[in-house]
Amino acid sequence: MSIPPRIKVHKTLSTHVLVIGSGGSGVRAAIEASMHGSCILVSKAVIGKGGCTVMAEGGYNAVLHPDDSIAIHYEDTMRGGGYLNDPALVEALVTDSPKRIADLVDWGATFDVLEDEARQFSKSGSGTSERSEYIPIRQRSFGGQSFPRTCYAGDRTGHEIISTLLARLAATCTVQINELDIIALLHNKDGDRVIGAAGLDIEGRLILISADAVVLATGGGCRIYNISTNSAGGTGDGYALAFRAGCDLIDMEQVQFHPTGAVTPWDARGRLVTEAVRGEGGVLLNTQGERFMERYDPKRMELSTRDQVARAIATEVKEGRGTDNGGVYLNVSHLPAEIIEARLPVMLEQFLLFDIDIRKEPMEVAPTAHHIMGGVRITPHGETTIPGLFACGEVTGGVHGANRLGGNALADTLVFGKRAGERAGMEPKQNTEISEAQVNAFIDHLMEYYTNTEEVSSARDALRVVMWDHVGIFRTREQLLIARKELERLAQVKVHAKTPQELIDCCTFSNMCLVGRLIVESALTREESRGAHTRVDIKTLWSDSESPYGHTVIRAEWDVSIEYKEREAEEREAGSKEAENKAESKAENKNTGGMS
Amino acid sequence: MSKMAITPHVLLHVKQPIYVRVRRYNPDNEQTYIEQFTVHVYPGARVINVLQAIKDQDSTFMFRMSCEAGQCGSCAVHVNGSPVLACVWPASDGDLIEPLNLPVIRDLMVDLVDGIAKIPKIQSSASICQQECQDVCHEKTLSPLHLVPSFAETKEIKELAACLNCLCCVSACPAVKVVDFAGPTAMRGYMRIALDPREARDRIQDAVADGLFSCTTCQSCWTVCPKHIKTPGKAIEKLRAIASDHDLTLPRHREILHLIERTGRSVDSSEKLFLDLVDEVIEPYGEVKGEVVFFVGCMFNARLPDTALDMVEVMRHNGIRLIIPKEQVCCGSPLIRTGQRSPLLSLMQQNMQALSKPGIATVMTMCAGCGSTLKHDYEDLDLPFVVKDVCEVMTEFDIKPDKKLNISATYHDPCHLFGGQEISKEPRVLLSAAVERFIDMPAQCCGSGGGVKAGQPDEANALGELRREMIRETGADIVVTVCPFCEYHLADHSDKPVKNLLTIYRTLLES
């Protein structure tokens, strides 16, 4: 086959703010950024269909009920996160979350609501100027929470959120570009500011977009694992883009394995079985019929945090008390059929497709790679360590620490989507002249794929198995070193594109290799078990809250380090119920300290 | 409790070969072609897994996928002619996989963006205020939280909000092929908005402009919907009722309303009516095997009484006693389909009274529209009888001819039987028993339903012509159906004779 002619720039666009990614955080950021000037939202999928927000089932955590409190949500999130969370980010999360769900309700989101009689609009009557703090949304229990604060729309909560956000986005002047895969961030002549991005459309044509500010909202990357809940696009592109642009990334070793993924059939392995199943009263049983969570977390049982439940299930299976398919049972058949039909319709339907009626029989489940807690280091306003580049949503690190609570991710997307979008919108006009040399270097790089010879698909499959086998729930230095070696080898594989359309597959594979490396290097650096990161070769001598370690930090040239926690400051902030901006300024100081 | 896995562990991850055909399109040379693939997939594979396996074999192959869990609606394709989500539909050997009926970009990738753009989105007063459109804000202030939909409103909205924007319904909709119609899910969207107290504007005029009256209520949309959203009943008919309140009903539909108000019937005639030709009780020729109350419907009563008389003869020869109450009136279907509900309750009550005969459990219809209406729209009345289509009755009493007509015949599915009552097998079995050669034909609306024949005759004719082509392709000598609307309409849009199934059965009695 002949080599296609040298790639040319097909189109160059210019905008005030460029948002990359069309999940919850990207769309929320675009809504906000568009208030300040022109805005382009690009998605590698058809907007509304990509990302994981649309798949989020269980819910959105927000303090709404008068008996709940922001302080308790803060504490739950910190404790759940193994106190590795960035306190200022958590403060922002829990404080803003109720406001962001109020926006959604204003814009037409339809969550499950309380019966009309049970609603109390405001203590002072039905005044419209003063917003009641109590939105009449039904809330359910999720793992690791001291109060049922997870708002939901059946088990299609994320779908309702993204539909509403897109309705709101349609009222803005945002230009939406579908199916444009961003392959690199562009920097200015001095190399110290991000001024746009380059992407390939589905025909493989190169498109450049210059912008005064770029918001990275590319979501997670658990598709680098063989068994994962993520949508096909969850290949971690954002981590790779940010790393190459020179950003600091933190805590990349913290990968959440959701305890309950489907086990059969083979192709459906890893598909999410929502935590709402346990929230509604589902119980976990091993093949001996034991409710084994009694042995691991007798107080919280099935509603323990995800890291604990995932380890418990993996242990049961490892010790021979799992099913032939390598799972355990999750049972809701004791619940009334109407409850299952009304509150878990997607689950009911998905299992019925495979001839399993969850109203009558148990599901088989096992852990599945779900969420990367680590990511791009941000301030509470979504600023990364590189000027001109902002980030929000799963691509960022620090909000969830070492373990994310179920229901906090959707809250994260909206809280930080707004914050990053707003701050990006406020960026002043920049000189965004694109460097021809940088673009030419890309094109050279892309052209190499045409002359390479190796199949992408087999290299990609191999990568996923390496990550699952050696960088999974239980980790050792030895296994991580095997993974490092394998990933180095795979990164050298000369993957081949026959047509311009296949260039995207090659770029994606290269991102996946890089993200795998980021996780492995960080995992080697964190020599303790903390949250989702379990080092079985190291005896951890402290509880999460007493760990001397802070974030792992990884930046360009594979510069990896671990920060030490300033314990006193940490405790002070953990206990602090002070106003948000105060907490933010503290954290900003701290961040700068860590970066210099 | 400990349910063992159906498939042993060892077999679960042993790949099996599967053979499929895929319709591909290359925009570079504008070639469309069918390509055959044999790929290896695990047991329980969905269509999406087959497509991935093809991609691994031929990296130039293009299709869309994202969530792989039936939640994002990216991967809809046609499998053996019907739109499905590739990620939930089980793959079978021999499957024909094609793109949706939308403009194709490359292989199985179609233009979803244009289609999705036609779906209206809620514009709450709050979001409009934030966009600083002062003219609207004057009318309504920022939506306060007590505008959160009530518990009951939420329930109704949720039924319509689950749409994945996969466009399966648009791909299956016959009307979009012939007229400018935004499609079923756009109408679903309008109704979802209409139910919401937070929406700033009344959008009913937009719905009408987008083709509200183009829908023939053929039911294809919900039968292919992965979320089973019953758009015709839950959205189209309700929007038409709102349109009626806004005086936007089509003039021809208004005429039908006035006719029903005047005569209790939706069809008038100067000829003899069926009900005038028959006795109230018709005894069979031999032993009584069963008895049913017959609901005749306006079309058979006024327009096609001979066909109904064919049915009477078939029943008399097969031991079925017919009770035909003379007080029965229009079932109300034309009013429900066109959104004019005012005289509905009195019609329903009159029919219930007329049809309730002590000791008789079955009311039989032979009009698909009447049958579907009596089965679904009379639910609140708590009917003291069960409604069955004539095909169900014939199947139940094992009515079969003792010989076959020496012709080939195809069968046209009436929408309100196929989708409305989910009856498609019985008439095929009955017809196969009556003709030498039965040739199957996929279901597609002929254009006579949903008030379209009266309201938008050009569209009805265009759909009829599409059907003419499909009938012609079967090569059958005749086309057989069991609905008077289809029978009447298809007569103008078929090169071959159009007969009711009961007419065929009666012919066999006499030959």
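Predicted model: local features only at pLDDT ≥ 70, side-chain atom pairs only at ≥ 80, totals over all residues.
Biologist: How many residues of chain A are in contact with chain B?

Modeller: Let's take the area first: the two chains bury about 5900 Å² between them, 55% of it on carbon and sulfur atoms. In chain A, K49(A), W266(A) and D267(A) lose the most area to chain B, together 13% of what that side buries. On the chain B side, 68 residues take part, and the number in chain A is 75.

Biologist: Which element gives the most to the side of chain A that touches chain B?

Modeller: Across this interface there are 26 residue pairs in polar contact. Elements giving two or more residues to chain A's side include α3 (87-107), α4 (157-170) and α13 (456-470). With 6 residues, the one that gives the most is α4(A).

Biologist: Which side chain meets D505(A) in a salt bridge?

Modeller: The count of salt bridges between chain A and chain B is 7. In the one with D505(A), the N to O distance is 3.7 Å, and the partner is K55(B).

Biologist: Now inside chain B, which side chain meets E237(B) in a salt bridge?

Modeller: Start with the domain bounds: domain 2 of chain B is 115-245 and domain 3 is 274-396. Their C-alpha centres lie 35 Å apart, and the two domains bury about 460 Å² between them. The count between them is 1 salt bridge. At 2.6 Å, N to O, the side chain that meets E237(B) is that of R337(B).

Note on methods. Residues numbered from 1 in each chain as written. Chains lettered and ligands numbered in written order. Heavy atoms only, no water. Contact = heavy atoms within 4.5 Å. Buried area = accessible area lost by both parts, 1.4 Å probe. Salt bridge = Lys/Arg side-chain N within 4 Å of Asp/Glu carboxyl O. Polar contact = N/O pair within 3.5 Å; in protein donor to acceptor, adjacent residues only side chain to side chain. Helix = DSSP H or I, 4+ residues; strand = E, 2+ residues; numbered from the N terminus. Domains from an automatic or database assignment.
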